[in-house]
Amino acid sequence: MKITESEDKRIFARFPVKLAMRFLDLFTNQEVQAEALDISAKGIGFVTATELKPLTPLELWLKVPDKGDPFYTRGEVVWSEMIRPNQYRTGVNLERADLMGISRVLRARQ
């Protein structure tokens, strides 16, 4: 179930991005391609063809266009909803706030 804005309990600001990414579903051990749409110090929103259940643990790699290694982080699915057939919008809560990593992503998007 998607959280509405009135239920939104974010501490960190969310910033729009458009980055290729991939993630590893740690329940199924399946690696999947996706596109990140927004990011904060504690969360990532993305679109993928794969439906994910809440509480699914993920490892994520965002392709940052700064010629460095992909930005790696871990998190857990909070919500996922179908936005059209075979396309799901998903929200992930990150295990820890990585302010330096997020700063790198935000600098590269400009």
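Contact here means heavy atoms within 4.5 Å; helices (H or I, at least four residues) and strands (E, at least two) are DSSP runs, numbered from the N terminus. Helix 1 covers residues 99-108, and its buried residues are G101, I102, R104, V105, L106 and A108. A residue is buried under 20% relative accessible area, exposed over 50% and partly exposed in between (1.4 Å probe, protein chains only).

The model is predicted: local features need pLDDT of at least 70, side-chain atom pairs count only at pLDDT 80 or more, and totals for chains, interfaces and linings use all residues. Residues are numbered from 1 along each chain as its sequence is written, and side-chain values use heavy atoms, with hydrogens and water left out.

The structure also holds 2 aromatic pairs. Rings of Phe, Tyr and Trp (its six-membered ring) pair if their centres lie within 6.5 Å; planes under 30 degrees apart count as stacked, over 60 as edge-to-face and the rest as tilted.

| Pair | Centre to centre | Angle between planes | Class |
|---|---|---|---|
| F23 and F46 | 5.3 Å | 40° | tilted |
| W61 and Y72 | 5.3 Å | 50° | tilted |

F23 in strand 1 and F46 in strand 3 (residues 43-48) are 23 residues apart, and their pair links distant parts of the chain. Both F23 and F46 are buried. W61 belongs to strand 4 (residues 57-62) and Y72 to strand 5, so their pair ties together parts 11 residues apart in sequence. W61 counts as buried because its relative accessibility is 18%, whereas Y72, at 36%, is partly exposed.
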